[in-house]
Every structure is written in C-alpha cells, then in structure tokens.
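Here are some reading notes for your first pass through this model. Keep the structure open and find each residue as you go.

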Amino acid sequence: MAVINNTEINGVQKAAILLIALGPERSSQVFKHLKDDEIEQLTLEIANTKSVPSDVKDAVLDEFYEVCLAQQYIAEGGIGYAKELLDKALGEERAKAVIGKLTASLQVRPFEFVRKADPGQLLNFIQDEHPQTIALILSYLPASQAAAVVSALPPEKQADVATRIATMDRTSPDVIKEVEKVLEKKLASLVNQDYTIIGGVDSIVSILNSVDRSTQKNIMEQLEVEDPGLADQIRKKMFVFEDILLLDNRSIQTVLREVDNNELATALKNANEEVQKAIFDNLSSRLAAMIKDDMEFMGPVRLKDVEEAQQKIVNIIRKLEDSGEIVISRGGGDEIIV
C-alpha cells in the first residue's frame, strides 16, 4: 500500500486510475495485453471508482511517466545509465525511489553486451558454439539481430538452432551464468534468480519473419521433415493479418484481387486504422465505399468469424508469396532487386 498525497492507494487502484485517465480508446489497447484475471480485476476496480481527486490522478500519471522513463533508460544503457539520467531529471532521492520500484519486477536481460554487437562480429564469436548455446543467446536478442546471425549460419545448422529456440522453455540462471562466463562477460549479477522464460514458438517466429526468404524456406522445409507439428505451429504464426503493412501497394492489389469482398469486409471489422487505410487506398473508390457500407450494415461480428476471415487472407498472401507473385518486405537479402 502506497500513499499518494495523503491517500492510501494500492497497485490495482493506481492501474485503474491510470486507465480512467487514459480514456476508453487507449485503455482498450492496454487490455489487449493483459490476462483475463487481470482484466477482470481492473474492470471491477474501475467500476467501483466513483471519482478521483485531480491531485491523486496527477500523482499517478507522474509516477507512471517516471517508471516508463526509467524503463526506457534501462533498455538503452542499463541500470547505471538509467540512474545517472534519472538523477539529473528527477533528483537523486526521486530517482532512487523509481529505480527501487522497478528492481523487484525488472528483469534486465542477460547478454546485454551481445545486443550491442554487430551481427557479423557476433557470428564470428558464436558460430562454433554448440547449437543449444547459440539458441540460448539468440533467444535474448532483438529479432532483426538474431535473424542476421541465423541467416549466416551453415544451412545444416539453421534448422537445428531454430528448433532449439522454438522448443526452449525455462533456463536455469546457473546455465545462463555459465554461458556468460564462457563468453567472458560479467553479466551474472544482472540475471534474475528466478527461472527465466525465453525462446518458444513466438521467439523463432519473430526471427523467421526477419530472415531472408531462402533461409526461411530452408528452415521450414527441414522442420517439415523433422517435426511437422512444430512446423505447423510456426507457420500459423509467421504472418499475421496486420503484417499486410509489409506489402507494397502493388502486392496488396494483387492480394485483393484474390479476396472475396464479403470476407474482406469481415476481416476489416477488427483491423486497426492503419491496416484499413492500406486496404482502402488500394481499392477503387467505388469498391472501398461498398466494403465500408458492408462493414457498417453487418453489425456486430463474432471475433472468431473475423479471425477466420483474416486467416483466409493470410493464406492467400502466403500462397502468392510462395508462387513469387508478391514479395513480403522482411528486410533480408532477398529484397534486393537487380
């Protein structure tokens, strides 16, 4: 229980006040990232919050801003860097309090020194390591950096490393420390002593979405043979409907020629404004107006039906990419046009 301006307030109450202050549109975006029990708890708290004094609301917003600022600084340069900047921005006492609040829940990722390394240098550094060690390190890296390393690995090692990342679940802090010692870096003190959840299907999907097409195909073809179930899980997540923004206008037009108008209207019901704009900008004004009318007149649509319609469009996109009719801009080497 914390005290803000002489008012006792707990974490759930702070979160509820923050969401009320953000307004329904932004709060709904936050809810998408919460678990069901968290949503239920916050919804109940919001419903029971009749009024919030302006000074309490301002204090909660200030605290939220300070914590976000601290997390940004930590991500950029570590706790020491964050402390130094927060001292200047907030004063020593306030900075210490903010960092203290984060310490209990903050997990500073291991291999931070690797995240700042050039992919080429990193490849030279780890390419002779065991595939499990490579998978462990890549699981902690940004997808773009990990993708550059995976793309440069020998083809026979790519699928092995990808499989190990996808099936990785929990790794003991002792193992992480040992790997860091082998890499001759002292980050062990930053490792949270609880078991660290890393890797998994989402991790390898992010990497595969960033590699060049030939590397991606090589890995997926090998996975189809060695572990069809895992390959299917990965393929279902590799391109989501919102990734249509990765396509250029010509490719979007090619896709839309293959899509049923009713399916498109349903798929767009739950799409964000950016995706809707990308679609409508590539339709004739007459057809765009017709689709918008269909969306309006169809009324509420089950989320399951929307997701099924979006998945059908995703399947069309994958088919067109496999046939070479469209190119998905993943930032890999196969995007070079000659």
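1. **The model and the chain.** Remember that this is a predicted model. The chain has 338 residues, and buried residues make up 40% of them. It holds 19 helices and four strands. Now look at contacts between residues at least 6 apart in sequence. Of these, 72% join residues at least 24 apart.

2. **H1 and H3.** Start with two helices, H1 (residues 11-22) and H3 (residues 36-48). Their axes lie 9 Å apart, and the helices pack at an angle of about 70°. Angles of 65 to 115 degrees count as roughly perpendicular, and H1 and H3 are therefore roughly perpendicular to each other. H1 brings Val12, Gln13, Ala15, Ala16, Leu19 and Ile20 to the contact, while H3 brings Gln41, Leu42, Glu45 and Ile46. Sorted by class, the contact of H1 with H3 has seven nonpolar, two polar and one charged residues.

3. **H12 and H14.** Next, compare the angle in another pair. The axes of H12 (residues 201-208) and H14 (residues 228-238) come within 9 Å and cross at roughly 60°. H12 and H14 are therefore oblique to each other. Their crossing is right-handed. On the H12 side, find Val201, Asp202, Ile204, Val205 and Leu208; they meet Leu230, Gln233, Ile234, Lys237 and Met238 in H14. By class, the contact of H12 with H14 has seven nonpolar, one polar and two charged residues.

4. **Glutamate 63.** Is glutamate 63 buried or exposed? Its relative accessibility is 14%, so glutamate 63 counts as buried; the cut-off for buried is under 20%. Glutamate 63 sits in helix H4 (residues 54-90). Its side chain joins that of lysine 14 through a polar contact of 3.0 Å. Also find valine 98, which is 35 residues from glutamate 63 along the chain. The C-alpha atoms of glutamate 63 and valine 98 are separated by 8.1 Å.

5. **Threonine 167.** This residue belongs to helix H10 (residues 155-167).

6. **Threonine 254.** Look in helix H15 (residues 249-256) for threonine 254. At 12% relative accessibility, threonine 254 counts as buried. Its side chain makes a polar contact with the side chain of arginine 257, at 3.4 Å. Set aside the neighbours within four places in sequence. Threonine 254 is then in contact with Leu320 and Ile326.

7. **H17 and its partners.** Which residues are buried in helix H17 (residues 273-280)? They are Val275, Gln276, Ala278, Ile279 and Phe280. The buried residues of H17 pack against H15, H16 (261-267) and H18 (285-297). H15 is also the helix that holds threonine 254. At the start of H17, check asparagine 272: a side-chain oxygen of this residue reaches to within 3.1 Å of the backbone nitrogen of glutamate 274.

Technical notes. Residues are numbered from 1 along each chain as its sequence is written. This is a predicted model: local features need pLDDT of at least 70, side-chain atom pairs count only at pLDDT 80 or more; totals for chains, interfaces and linings use all residues. Side-chain values use heavy atoms; hydrogens and water are left out. Axes are lines fitted to C-alpha atoms, for helices over the stretch in contact, and angles run from 0 to 180 degrees between N-to-C directions. Angles under 35 degrees count as roughly parallel, over 145 as roughly antiparallel, 65 to 115 as roughly perpendicular and the rest as oblique. A crossing is left-handed if the near helix is turned anticlockwise from the far one by less than a right angle, and right-handed if clockwise. Contact means heavy atoms within 4.5 Å. Ala, Val, Leu, Ile, Met, Phe, Trp, Tyr, Cys and Pro count as nonpolar, Asp, Glu, Lys and Arg as charged, and the others, Gly among them, as polar. Buried means under 20% relative accessible area, exposed over 50%, partly exposed in between (1.4 Å probe, protein chains only). A polar contact is a pair of N or O atoms within 3.5 Å; within protein, one must be able to donate a hydrogen and the other to accept it, and residues adjacent in sequence count only if both atoms are side-chain atoms.
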